[in-house]
Amino acid sequence: MNWLLEPFRHEFMQRALFGCALIGFTNGALSAFIVLRRLALMADAMAHSLLPGVAVALLLFGLAPSGLFFGALVAALLVALGVQIISGSSRIKEDTSLGLLFACSFSLGLVLLSFSPAQVNVTHYLFGNILGLADSDLWIIYLISLMVLPLLALFQRPLVLIMFEPSIAAIQGIWVKLLTYLLMGLLVLSMIASLQAVGVILALGMLIAPAATIYLCSDSFPAMFWGGGLIGMFGSCAGLFVSYWLNLPSGACIVLTLGLIFFVAYLFSPKYGALPKLLRRRQHFHGTSGPH
Amino acid sequence: MLHQLVIKDLTVAYRRVPAVHHLNLVLSCGHRVGLLGPNGAGKTSLFKALVGLVPLATGSVNFGGHGKTPAAAEIAYLPQRSAVDWDFPVTVRGLVEMGRYQRLSWWRPFAQEDARAVEDALSTIGLNDLADRQISALSGGQQQRAFIARSLAQNAHVFLLDEPFAGLDRPAQDLLGDTIRRLAEKGNLVIAAHHDLKTVPELFDQVIFLNRKLIGFGDTTETFTEENIAGTFDTPVLSGATDSLGR
């Protein structure tokens, strides 16, 4: 048992574990909406567009976490707004303007970071540094989770209707546009929360893998929502331990653990797994073509 | 009280191009109405206008004289099967439960009354045994009936079905036809966009001929004529479709 408890002796590990559990659960629960609304590419673009905001905040306020938080928020909102403006006022479609803006804003972020007077390690924001969580980081993660989770749970019904049948939702008087914006806003917030843990590039893994896993195992949306949260939480914590024991980068280990859980479900899920499906088809084949 | 769906001078337009012109119709509950017309005749546009999904360029829609705009819960629109994400993680029961969402708004918990309404809808439509199946694991006809069950749970009185018989085999068609007949007998109004003219007389007791404007409306026995078919579909397609009326 000692090997299991040993990591907890370090304060940085306690903090990291707490952060992992919160971020993992929040992103995991949110991932149900990302997967079903097919927002994966949108989420990726948003995550990358956080970088220039972080860079500007660094230039203006130094390493203060509240500054970084607002910088990232403003950058994400500007890119989201820019996408709407460009696709709304020209013949350029939404996916094209999204791709264009996120590549540009990510590049702008890299350029700005090179001007930063403080010695800033770019990889810190690209790939996260969960072992270096400060109190203020934990507070931000905590407050964001406290906001995102209840709102998602509260608006589950209308959001499910919007995802399943937007037109029927509109008929029933649901504010489709407003709730879609709310979902995007919550997406940006939880991405900011995971910025410290896994960084802008790996954040996508936490936002997709948990619900994609449950999607292969269950036909219930609440299962995807809460189960996604649980898988996100346990997967992230497990990934953190693995990175501690093997002395590997923590963000990458977290995402790899979540990916591993997904592949196990992909292969073995009794309901929609690849192998059980193959077996069923084979049984069916033998069952119907045999001599009667 | 006899409920009526009253459509007065209804025009629907997309980018100022009218899809349906100045339509006047009075439909009474208790009927099975076939909405007939070629592709692009404005059938789906009419449905969308009736539920308030597209704005009315002119005219009004009244149901039962209740109000200016129809109460969303009373008119149920069932989209074409191709418009549904069948891989969505929802079971038949979950789908029917969605019919209660509007009544519950976004926060009120599911009460016994709601559970009963869901079970009633499932048994009316005969899907109790399949209630825990995911919706893609149903046949085409069962999928249509599952959506009808949801509208029942919603307490709808008017059912707008967009090509419900498309792609169904004969037994499934008969079963869905029975379901529609029973809905009408219970005092509901069922309007179905339909393209297979051969089956019109057995499925519907009233028909609407629509091709951007109203060509004809009335009891199937009187209105479902070669002349109206030719006038709606431009060419006398499927001549002989009215033979089954015995004329």
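Start in chain B and select helix 2 (92-98), helix 5 (140-153) and helix 6 (170-185): these are among the elements that cover the buried residues of helix 4 of chain B. Keep in mind as you go that this is a predicted model.

**Stop 1: helix 4 of chain B**

Now select residues 112-125 of chain B, which make up helix 4. Which residues of helix 4 of chain B are buried? Colour B:Ala117, B:Val118, B:Ala121, B:Leu122 and B:Ile125, and you have them. Turn the view until you look down the axis of helix 4 of chain B: the buried residues fall within an arc of 130°, so they line one face of the helix.

With 14 residues at 1.5 Å a residue, helix 4 of chain B should span 20 Å, and because its end C-alpha atoms are 20 Å apart, the two agree. Just past the end of helix 4 of chain B, click on B:Gly126, which has a positive phi of about 75°.

**Stop 2: helix 5 of chain B**

Is helix 5 of chain B mostly covered or mostly exposed? It is mostly covered, with 13 of its 14 residues buried. After helix 5 of chain B comes B:Asn155, where phi is positive, near 65°.

**Stop 3: a sheet in chain B**

Show the strands of chain B and look for an open sheet of 3 strands in the order 2-1-4, with antiparallel pairing. At its edges are strand 2 (17-28) and strand 4 (58-63) of chain B, each pairing on one side only. Neighbouring strands in this sheet are turned by 20° against each other on average, direction ignored.

Zoom in on strand 1 (residues 4-14) of chain B, which pairs with strand 2 of chain B over 8 bridges. Here you can find B:Val12 standing opposite B:Val20 of strand 2 of chain B.

**Stop 4: where the chains meet**

Finally, bring chain A into view. How many residues of chain B are in contact with chain A? There are 17, and they contact 18 residues of chain A. On the chain B side, the residues touching chain A comprise 12 nonpolar, 4 polar and 1 charged.

Notes: Residues are numbered from 1 along each chain as its sequence is written. Chains are lettered from A and ligands numbered from 1 in the order in which they are written. This is a predicted model: local features need pLDDT of at least 70, side-chain atom pairs count only at pLDDT 80 or more; totals for chains, interfaces and linings use all residues. Helices (H or I, at least four residues) and strands (E, at least two) are DSSP runs, numbered from the N terminus. The expected span of a helix is 1.5 Å times one less than its number of residues. A residue is buried if 20 or more other C-beta atoms lie within 10 Å of its own, exposed if 12 or fewer, and partly exposed in between; C-beta atoms are placed from the backbone. The arc is that of the directions from the helix axis to the C-beta atoms. Two residues are in contact if their C-beta atoms, placed from the backbone, lie within 7 Å. Ala, Val, Leu, Ile, Met, Phe, Trp, Tyr, Cys and Pro count as nonpolar, Asp, Glu, Lys and Arg as charged, and the others, Gly among them, as polar. Two strands pair if DSSP finds at least two bridges between them. Axes are lines fitted to C-alpha atoms, for helices over the stretch in contact, and angles run from 0 to 180 degrees between N-to-C directions.
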